[in-house]
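Here are a few notes to read alongside the model. Have a look at it first, then go through the points in order.

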Amino acid sequence: MKKDKVKYYPADLPVRLEYDKIKDLLYKQCKGKPGQVLVDDMFPVYQKDFIETALDETVEFLNGIMASDAIPLQNYQPIDENIRRLNIQNYVLTAEKFIVIRQLLVNTRAILNYFNTERKLTYKNLYLRASMVEWKGELLASIDKVFDEEGEVKSNASEELSRIRKLIRSKIGEQDRLFGQLLQKFRQSGWLTDNAESIRNGRRVLSVPAEHKRKISGITHDESSTGRTVYIEPDGVIQINNDIASLYIEEKKEVYKILQQLSALFVSEVDYLDGCEALVAHMDFTAAKAQLAMTMKAHKPELVDKPHMKLMKAYHPLLLLKNENQGKETIPFSLDLHSPNRILLLSGPNAGGKSVTMKATGLLQIMVQSGMLIPAAEYSEVGVFNSFFTDIGDQQSLEEDLSTYSSHLHNMKFVTEHADECSLLLFDEFGSGTDPKMGGAIAESILKAINKKKAWGVITTHYSNLKIFAFNNKGIVNGAMTFDKETLSPTYHMNIGKPGSSFAFEIASKSGLSDRILSYARKRAGEKENEVDELLVELQNERAELKDKLDELKHKEKALERLSSNYEQAQKDLEHRRKRLKMEIKEAALQQVNKENEELKQLIRELKSKDSVIEAQKAMQKRKRQRKEISTEVESLREEVYYKDIKDKKVDIQAGTYVRMVSGTTVGKVESVDRKSAMVIFGDLRMQAKIRDLVPVEEPLELKKNKSVTFDTVQSNATFEPKIDIRGFRKDEAVRRVQEFMDQAALSSAQQLEILHGKGDGILKRTVKEKVREYSFVKGMRHPSAEAGGDGITIIELA
């Protein structure tokens, strides 16, 4: 899939945003020219998938660096045209080119060997990239068989080369002995200079004073510039030197033959080498991005597949690096643009950071869309824009006969014609360059046009009419770079939602202008200019305050709805558990009655006396009545607990439906349905069940058994104390304690509760009544007699 480059205007937009300087930093991090080429060719794109993959690869490489577990890359050279000529029949590469190929293959091997089983999972995006290349180890082995670590052809690369080099070493040894003898002889005769010997034309020669040159027979190879020294190869070593020269020629021929054979192995591997280079270059490029990200403490923001901008604790990357080198603090900024507020109109004092913030916004956006991490909090959110437009600095053009202001208008014309809802606009000193009144009016009209196009942007200005326009129109939000009036210096902090003042008089005063000049200037400017800014700030504050209160109310309303819903459900659950607990107690009592009934029957059989039999039968009848009453009550509770919520609903149960019993939690699958009953499979058990006893459920998930939760109602009942004392509690503490007490009471078998709250001013008593009334199982409340505590105690009767 082709990567589509974003459009930007003017053509030098990347330079104006200093994107080229970011590239320079990356360029220096690369280990080879192919990686640097990728840096040169890097550009922002707008396909989210490409951006996401590039960011993820950079994050993985950065994680590897931080963990001292990065891919080990070495310096390497590009595959040039000479290597690609291997496709030409009988073309032979030089030894130097094979060393280039070896560097490339060594890096490729390092990358592919890096991905063991664990790293394949940890660095899955990098592994996916590396898996596109198959390792051909025989190619590297063939080069290593020929070349040593210094890049020289090995003597054992062939038998013939080994023989030739042995002869060369032998001849050189013979030459050394003979030349040494002649050197000693002629030195003793005083026929040599102090240097005695030298090398000329690749031959070992004697250094002879001109006056002695006829005393030594041999071949004269050279003489000094003054003519006082002559360099002579003595007759005794000429033949040996000729033999050595011949052997060197033979050696050269044999090396060429070896390189020719080696080149033949690579004839069909040019495409493979290109693939290896592409892999190594990409890893080198990604490593450079990761190294720079580590230097900038950069993170990956959350990527959104539409125009969006939420930069949190963001920095201008170049300013951050510069200040860190100088030991200075850099102030971060946060910028959250979202519909309907798409355009930030940024005002404030000169040298207050407006332009830096605007440029940083554009630069960070381009970096992300180029696949680079940015110096901003990792919870930042960055969208994707298809086009970028800037109007920054003095763009006067003598060639096109354009003044500064004409150039600005020329840019605005292009923007209004081509910008859309996927464009990011970056304008500096919007509307400046001409008469403020007219320039402000034109700027306002342009701002209205681009806002109508739903474009996004950061625009700096000093014009009050633009601030008022932003206040009155959706889509645009005011922002200000704050100013410290006490120190008369900018703070470099940005405040979204409020327009800023230029603080021209304050800055002029700090610069040293006399009070007389400033006094006259204030009179000429009048009060209205400052009044407009102050009124705008006040209105903006009031609007922001109202919006915050409205948002807070909405948040509280939603929280209250959730709380109410949760509370109702909790009450329902508690009531259900309470009734179920009572039912279980009654069932236990019924079992006890049945047991006693059996004992009575046994006793009757054993009794011999008639009167005793009559008394025993009466006792048995009484037990039967008790059992019947308890059975009726249990059945009533069972009906209310299990069937109350489902008897009015139409139950759709058919073969294949997952169900549970109303009295249990085990999930089974319906095998077949027969009118009012169904055959259900619970694990290894098949059973017939009434349809009214079944509840449809979702298909169960496999859960770990050790994640289950057990609630011990018996233990809870055994430890429950039906009395509490809340005297001295604050109201909120009392509410919490009473709620816990009533929740525990709901699960107990208690019939009466007692809360000691004291008399005091009656706040705790009212609090108790209000809270207790929320529980449906409360039958009534009363106070005991005055002797027993009176109004200081509330007694609660439970149903």
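1. At what angle do helix 12 and helix 13 pack, and how far apart are their axes? Helix 12 (residues 270–296) and helix 13 (residues 317–326) pack at about 60 degrees, with axes 10 Å apart. The two are therefore oblique to each other; under 35 degrees would count as roughly parallel, over 145 as roughly antiparallel, 65 to 115 as roughly perpendicular, and the rest as oblique.

2. A word on what you are looking at. This is a predicted model, where local features need pLDDT of at least 70, side-chain atom pairs count only at pLDDT 80 or more, and totals for chains, interfaces and linings use all residues. Residues are numbered from 1 along each chain as its sequence is written, and side-chain values use heavy atoms, with hydrogens and water left out.

3. Back to the two helices. From helix 12, Leu-292, Thr-295 and Met-296 meet Pro-317, Leu-320, Leu-321 and Glu-324 of helix 13 (contact means heavy atoms within 4.5 Å).

4. Now the rings. The whole structure holds eleven aromatic pairs; rings of Phe, Tyr and Trp (its six-membered ring) pair if their centres lie within 6.5 Å, and planes under 30 degrees apart count as stacked, over 60 as edge-to-face and the rest as tilted. One of them is Phe-98 with Phe-266, an edge-to-face pair at 5.8 Å centre to centre and 65 degrees between the planes. Phe-98 belongs to helix 6 (residues 95–114) and Phe-266 to the loop between helix 11 (235–265) and helix 12, so the pair ties together parts 168 residues apart in sequence. Both Phe-98 and Phe-266 are buried (buried is under 20% relative accessible area, exposed over 50%, partly exposed in between, with a 1.4 Å probe and protein chains only).

5. Then there is Phe-389 with Phe-414: centres 6.1 Å apart and planes at 50 degrees, so this pair is tilted. Phe-389 sits in strand 11 (residues 387–391) and Phe-414 in helix 15 (residues 404–418), 25 residues apart. Phe-389 is buried at 4% relative accessible area, while Phe-414, at 27%, is partly exposed.

6. Two charges also sit over rings. The charged end of Lys-136 is 4.9 Å from the ring centre of Tyr-272, and that of Arg-200 is 4.1 Å from the ring centre of Tyr-231. The test is NZ of Lys or CZ of Arg within 6 Å of the ring centre and within 35 degrees of the ring normal.

7. Last, check Gln-365 in helix 14 (residues 354–369). Gln-365 is buried, at 3% relative accessible area, and touches residues including His-308, Met-309 and Phe-385.

Definitions and conventions: Axes fitted to C-alpha atoms, helices over the stretch in contact; angles between N-to-C directions. Helix = DSSP H or I, 4+ residues; strand = E, 2+ residues; numbered from the N terminus. Lists of a residue's contacts leave out its neighbours within four places in sequence.
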